[in-house]
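Let's take a walk through a protein model together.

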Amino acid sequence: DPGPTLAILERFHAALGLPPPVIPAAAMPDFSKQVEAVLDAAPTVFSFTFGIPPAPVLEAFRSRGILVVGTATNVREAQALEAAGVDAIVAQGSEAGGHRGSFGGSFDAGMVGTMALVPQMVDAVRVPVIASGGIMDGRGIAAARMLGAAAVQLGTAFLRCQESSAAAAHKALLREARDESSRITRAFSGRPARAIPNELTTTLEEAGAILPFPQQHGATRTLRAASSKQNDTRFMALWAGQGIGLSREGPAADLVRALVAETGAALSAVRG
């Protein structure tokens, strides 16, 4: 029953001067059109999450010379992705901010930490593994490489950069956040995701007013977008991983240069 959810959201909409909320008939973009857009753009690499696209879709990407990268949160998912023919796999540890990529089995079965997940996944599949989740500096990159990762993927580390589209109020919260600041919630979309709690998440969770994905995503989308535009942290998606206490400000290029230097120093120290 969407009634309780819409009643809460209507109150929040009013606080921002928005019309009453609705659940759109199509809460997500048309998948076939998304596939067409990827084929038209023909990027070097296409990565995906939340499962495995149909075999004809993956084959169409490969026929255009596009490398495909899937997301796994445990070894079983990684093996399924390898069997589907992906070129590489992102190992998403439980520390990662944003939506969980779990698709094989229960959500809890995908809450494996990065340090435990990466070496087991590396041992279980033949394709390159890309480590993600909680990696914020050169120490984390070096650790992931030593565990067998072919590369790393950083997200939260770049949220406070000048080029980040995160709202100013979001960045201000990230500046004060620590390792225990983020939580897993289904309030934003109906799927588990890691973010800093706020009035939207706590109110919906306490009321049990969370619809299945993607209805919840559609119901909260307007509120989240408006709150970000109005710089109001009460209702926006405050994405953050558990490494947020190590985040830095400044140009993204400077951060990348620092990460490269730190990684080299960390690896040299280990060799020494």
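Among contacts in the protein chain between residues at least 6 apart in sequence, what percentage join residues at least 24 apart? It's 62%. Keep in mind as you look around that this is a predicted model.

Now for the overall picture. The protein chain holds 10 helices and eight strands. Its radius of gyration is 19 Å, close to the 19 Å that the globule rule gives for 272 residues, so the chain is as compact as a globular protein of that length. If you follow the C-alpha trace along its principal axes, it spans about 60 × 45 × 35 Å. As for what's tucked away inside, buried residues account for 45% of the 272.

Let's zoom in on one helix, H6, which runs over residues 138-146. Its buried residues are Gly 138, Gly 140, Ile 141, Ala 142 and Ala 144. What do they pack against? The partners are helix H5 (114-124), strand S5 (129-132), strand S6 (151-153) and helix H10.

Two packed helices are described by the angle between their axes and the distance between the axes. Here, the axes of H6 and H10 (residues 252-271) come within 7 Å and cross at roughly 55°. On the H6 side, the contact is made by Gly 138, Arg 139, Ile 141, Ala 142 and Met 146, while H10 brings in Leu 259, Glu 262, Thr 263, Ala 266, Leu 267 and Val 270. Sort these residues by class and you get seven nonpolar, two polar and two charged.

Most residues other than glycine have a negative phi, and most peptide bonds are trans. Ala 42 isn't a glycine, yet it has a positive phi of about 45°. You can find Ala 42 in the loop between helix H2 (31-41) and strand S1 (45-47), and it is partly exposed, with a relative accessible area of 32%. Asn 231, in the loop between H9 and H10, also isn't a glycine and has a positive phi of about 60°. Asn 231 counts as partly exposed too, at 36% relative accessibility. And the peptide bond from Phe 213 to Pro 214 is cis, with omega near 5°; look for Pro 214 in the loop between helix H8 (199-207) and helix H9 (215-229).

Definitions and conventions: Residues numbered from 1 in each chain as written. Predicted model: local features only at pLDDT ≥ 70, side-chain atom pairs only at ≥ 80, totals over all residues. Heavy atoms only, no water. Axes fitted to C-alpha atoms, helices over the stretch in contact; angles between N-to-C directions. Helix = DSSP H or I, 4+ residues; strand = E, 2+ residues; numbered from the N terminus. Contact = heavy atoms within 4.5 Å. Nonpolar A, V, L, I, M, F, W, Y, C, P; charged D, E, K, R; others polar. Rg over C-alpha atoms; globule rule 2.2 N^0.38 Å. Buried < 20%, exposed > 50% of the residue type's maximum accessible area, 1.4 Å probe, protein only.
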